[in-house]
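Good morning, and thank you for the time on the agenda. Please keep the structure open while I go through its charged pairs and its strands.

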Amino acid sequence: YGRDLNKTQYFQFLFEDLKSIYSKKIVADTIYEIIESDYDWSYYFEKNYNVRLNVNSLPSKEITTIHSLIIPECNDVGFTVSTLDDLDLVLLEILQNAKTINEFLEELKACFDEDDLNDSKAEYELLIFKKIKKGIHNKSIRVLL
């Protein structure tokens, strides 16, 4: 429950001043599990949890292995499930040890084409910041205050 309350504070602390964001530290949380499956479990739980939203689309069958993040929760189900893509997996691996945003961005550059990065630095940072926000939201990433 305390972790859920900190989420808003994490967003505010990290993103309130983008000039100082590069010196702030983040780390992968230790209280999650990742499962591999041929089925998108997040789709199942979100569809059944949000029946009132009338979710009718079927999960994609294009991906052969789906990685699902399982996070313990203080709710009636006891957990939440989020789908992770390959970049999410790399982010969590890099963040096994706490890093400043600058260190994190530099280490992650090895996963991208250098010419593409030189042509689109702003887009690269925007993508990574969105991934960090997703990690904070699904509680796989913590901000060190």
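**A buried charged pair and its surroundings**

I begin with Glu73 and Lys139, which form a salt bridge with their closest N and O atoms 2.8 Å apart. The term salt bridge denotes a side-chain nitrogen of Lys or Arg within 4 Å of a carboxyl oxygen of Asp or Glu. The pair links distant parts of the chain, 66 residues apart: Glu73 is in the loop between β3 and β4, and Lys139 is in the loop between α6 and β6.

On provenance, this is a predicted model, in which local features need pLDDT of at least 70 and side-chain atom pairs count only at pLDDT 80 or more, while totals for chains, interfaces and linings use all residues. Residues are numbered from 1 along each chain as its sequence is written, and side-chain values use heavy atoms, with hydrogens and water left out. Helices (H or I, at least four residues) and strands (E, at least two) are DSSP runs, numbered from the N terminus.

Is the Glu73 and Lys139 pair buried or exposed? Both residues are buried, where buried means under 20% relative accessible area, exposed over 50%, and partly exposed in between (1.4 Å probe, protein chains only). For Lys139 the relative accessibility is 10%. Lys139 also has a positive phi of about 70°, although it is not a glycine.

How many salt bridges does a search of the whole structure find? The search finds eleven. One of them joins Lys131 to Asp88, with the closest N and O atoms 3.2 Å apart. Lys131 lies in helix α6 and Asp88 in helix α3 (residues 86–94), so this pair ties together parts that are 43 residues apart in sequence. Lys131 counts as buried at 13% relative accessibility, and Asp88 is buried at 5%.

Another salt bridge is formed by the side chains of Lys121 and Glu125, at 3.7 Å from N to O. Lys121 and Glu125 are separated by about one helical turn, because they are four residues apart in helix α6. Lys121 is exposed, with a relative accessible area of 52%, whereas Glu125 is buried at 13%. Returning to the opening pair, Glu73 and Lys139 belong to one network with Arg3 and Asp4, joined by salt bridges that share partners.

I turn now to the strands. Strand β3 (residues 66–72) is mostly covered, with five of its seven residues buried. Which strands pair with β3? Strand β2 (residues 33–37) pairs with β3 in the antiparallel sense over five bridges, and strand β4 (residues 79–84) runs antiparallel to β3, joined by six bridges. Two strands are said to pair if DSSP finds at least two bridges between them. Ile70 of β3 is the bridge partner of Glu33, and Ile70 also stands opposite Val81 in β4. β3 and β4 form a hairpin with six residues between them, and Gly78 in the turn has a positive phi of about 95°.

Finally, the surface. Asp113, Glu114, Asp115, Asp116 and Asp119 form a negative surface patch. A patch is made of residues with over 30% relative accessible area and no salt bridge, with like charges joined within 9 Å and nonpolar side chains (Val, Leu, Ile, Met, Phe, Trp, Tyr) within 5 Å. Asp119 lies in helix α5 (residues 114–119) and is exposed, with a relative accessible area of 67%.

Terms used
Accessible areas come from the Shrake-Rupley method with a 1.4 Å probe; for residues, only the protein chains shown count as cover. Lys and Arg count as positive and Asp and Glu as negative; His and the chain ends are not counted. The place of a charge is taken as NZ of Lys, CZ of Arg, CG of Asp or CD of Glu.
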